Amino acid sequence: MRYLTVQNFGTSLGVEGARLVVREHDGTVIEESLSRLRGIRIAKKGVSISSNLILECAARGIRIFFIDWRGHAVSSVISPRNQHAVVTVREAQFICFHSPRCIEISSELIKTKIKNERAVLLYFCKIMRNGSSADKCDGLQKAAEQLKNNAAAIASIKWNEEDFQRNQWRGRLMGIEGVCANRYWNALIRAGLMPDSFKYREGRGSRERANSALNYAYAILESYVWSALDNAGFELYEGMLHTDRPGKASLVLDFMEEYRAWVVDRNIIKLRNVIGPGYEMLDPKMKKRIVDEIDSTMSARIMKGHARVKLENIMQRQAYRLSGAVVGQKKYKGISFNW
């Protein structure tokens with residue numbers, strides 16, 4: 001167990017020696033060594049946590065996240081001693097994100113997101129082609145080709161300082177991203193890869209089951225991204241693409257973009273028959289299944305260069321690469337997944 005997600009009312013968390021002790025309201029007791037734990041997510045009201053456990057987690061650099069009913073990480077508890085904030089990184093971040101260099105990094109994030117949406121379409125096209133739904137692959141392939149062209153179009157844009165000064169670049173990038181997102185979700189719907197009740201993508205607060213599952217899974221992914229960027233020394237509330245707003249970790253949402261499709265969407269689509277259509281709330285058992293799938297994906301090893309590396313570690317490396325781009329040492333290149 002590297003990550004613990006608590007989602008049952010009445011659960012209490014404590015510590016005995018070097019062990020985390022979880023007591024459920026039904027009397028179930030779970031124990032886990034703190035040395036094996038990387039993070040704790042509390043996704044339900046009515047959960048109690050001892051001050052002794054908070055101190056032990058702080059000493060070991062174990063982050064504690066609180067996730068609200070919308071699937072949004074509203075708080076993170078970590079000791080200042082375990083934060084790796086580097087003043088030069090944050091200074092460079094503020095300078096970079098208010099300079100034309102911000103366009104180059106933002107373009108790479110959106111381009112990579114589109115590439116990974118294309119990878120998800122081709123991933124399911126390959127599965128369906130080998131099954132009884134081969135006739136539905138044409139729509140997925142057509143949408144994938146359109147996304148390929150859109151990603152290439154972003155790469156070919158010649159930005160200049162005037163684009164930055166007029167603040168037109170963000171609207172242009174997000175416009176392309178929005179068009180691609182519509183093509184992506186519509187292709188999945190037409191291919192029968194989403195439940196009947198899923199008509200379009202809805203954000204936080206949606207009661208439609210598939211949308212609710214996606215939003216919950218994005219919150220789990222958000223905790224990974226938060227940790228990776230925090231370790232790299234960033235100011236999480238100063239973003240590039242997402243607008244700054246009090247309490248909104250804009251940089252976390254920016255950096256998440258390239259992981260959403262492969263880590264979350266792909267897993268929720270695979271669980272579509274288990275999730276089912278409708279507007280009922282997700283029960284704890286379903287939420288646990290979603291958490292397990294996301295954690296499993298982040299722990300999976302994928303080829304990176306000549307070695308197989310855990311995706312969680314690759315994300316951390318990407319965060320450090322982003323810090324290198326921010327201080328002007330190198331260009332940022334997103335992580336594209338092979339389908």
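Methionine 303 has arginine 308 of β10 standing opposite. Its setting is a pair of antiparallel strands, β9 (residues 301-304) and β10 (residues 307-310), joined by four bridges. Strands here are DSSP runs (E, at least two residues), and helices are runs of H or I, at least four residues, with numbering from the N terminus. Two strands pair if DSSP finds at least two bridges between them. β9 and β10 make a hairpin, with two residues between them. In the turn, glycine 305 has a positive phi of about 75°.

The model is predicted: local features need pLDDT of at least 70, side-chain atom pairs count only at pLDDT 80 or more, and totals for chains, interfaces and linings use all residues. Residues are numbered from 1 along each chain as its sequence is written, and side-chain values use heavy atoms, with hydrogens and water left out.

Now turn to the sheets. Strand β3 (residues 19-23) pairs with β4 over five bridges, in the antiparallel sense. Arginine 23 has valine 29 in β4 as its bridge partner. Arginine 19 is bridged to serine 33, also in β4. β3 and β4 form a hairpin too, with five residues between them. Glycine 27 sits in that turn and has a positive phi of about 100°.

Axes are lines fitted to C-alpha atoms, for helices over the stretch in contact, and angles run from 0 to 180 degrees between N-to-C directions.

Another open sheet has four strands in the order β1-β5-β7-β8, again with mixed pairing. β1 (3-6) and β8 (73-77) stand at the edges with a single partner strand each, so one side of each has no neighbour in the sheet. From one strand to the next, the twist averages 15°. β1 pairs with strand β5 (residues 39-42) in the parallel sense, over four bridges. Threonine 5 has arginine 41 in β5 as its bridge partner.

Next come the helices. Two packed helices are described by the angle between their axes and the distance between the axes. Helix α4 (residues 137-156) and helix α6 (residues 169-190) pack at about 170°, with axes 9 Å apart. That makes α4 roughly antiparallel to α6. Angles over 145 degrees count as roughly antiparallel, under 35 as roughly parallel, 65 to 115 as roughly perpendicular and the rest as oblique. Contact means heavy atoms within 4.5 Å. On the α4 side, the contact residues include Gly139, Leu140, Ala143 and Gln146. On the α6 side, they include Leu173, Ile176, Cys180 and Arg183. By class, this contact has 10 nonpolar, three polar and one charged residues. Ala, Val, Leu, Ile, Met, Phe, Trp, Tyr, Cys and Pro count as nonpolar, Asp, Glu, Lys and Arg as charged, and the others, Gly among them, as polar.

Helix α6 also holds tryptophan 185. At 9% relative accessibility, tryptophan 185 counts as buried. Buried means under 20% relative accessible area, exposed over 50%, and partly exposed in between (1.4 Å probe, protein chains only). Not counting residues up to four places away in sequence, tryptophan 185 touches Met194, Phe198, Arg201, Leu214, Tyr218 and Asp265.

Serine 106 is in helix α3 (residues 101-129). It is buried, at 0% relative accessibility. Beyond its neighbours within four places in sequence, serine 106 contacts Trp169, Leu173, Met240 and Leu241.

Glutamate 238 lies in the loop between α7 (209-231) and α8 (250-270). With 8% relative accessibility, glutamate 238 counts as buried. Glutamate 238 and phenylalanine 97 are 141 residues apart along the chain, yet their C-alpha atoms are separated by 8.1 Å.

Last, the cores. A nonpolar core is a set of buried Ala, Val, Leu, Ile, Met, Phe, Trp, Tyr and Cys residues joined through side-chain atoms within 4.5 Å. The largest has 95 residues, and Leu229 and Ile290 touch the most other members. Leaving aside neighbours within four places in sequence, the contacts of leucine 229 include Phe234, Leu236, Leu251 and Val252. A second, separate core has 14 residues, among them Leu13, Leu37, Ile62 and Ile64.
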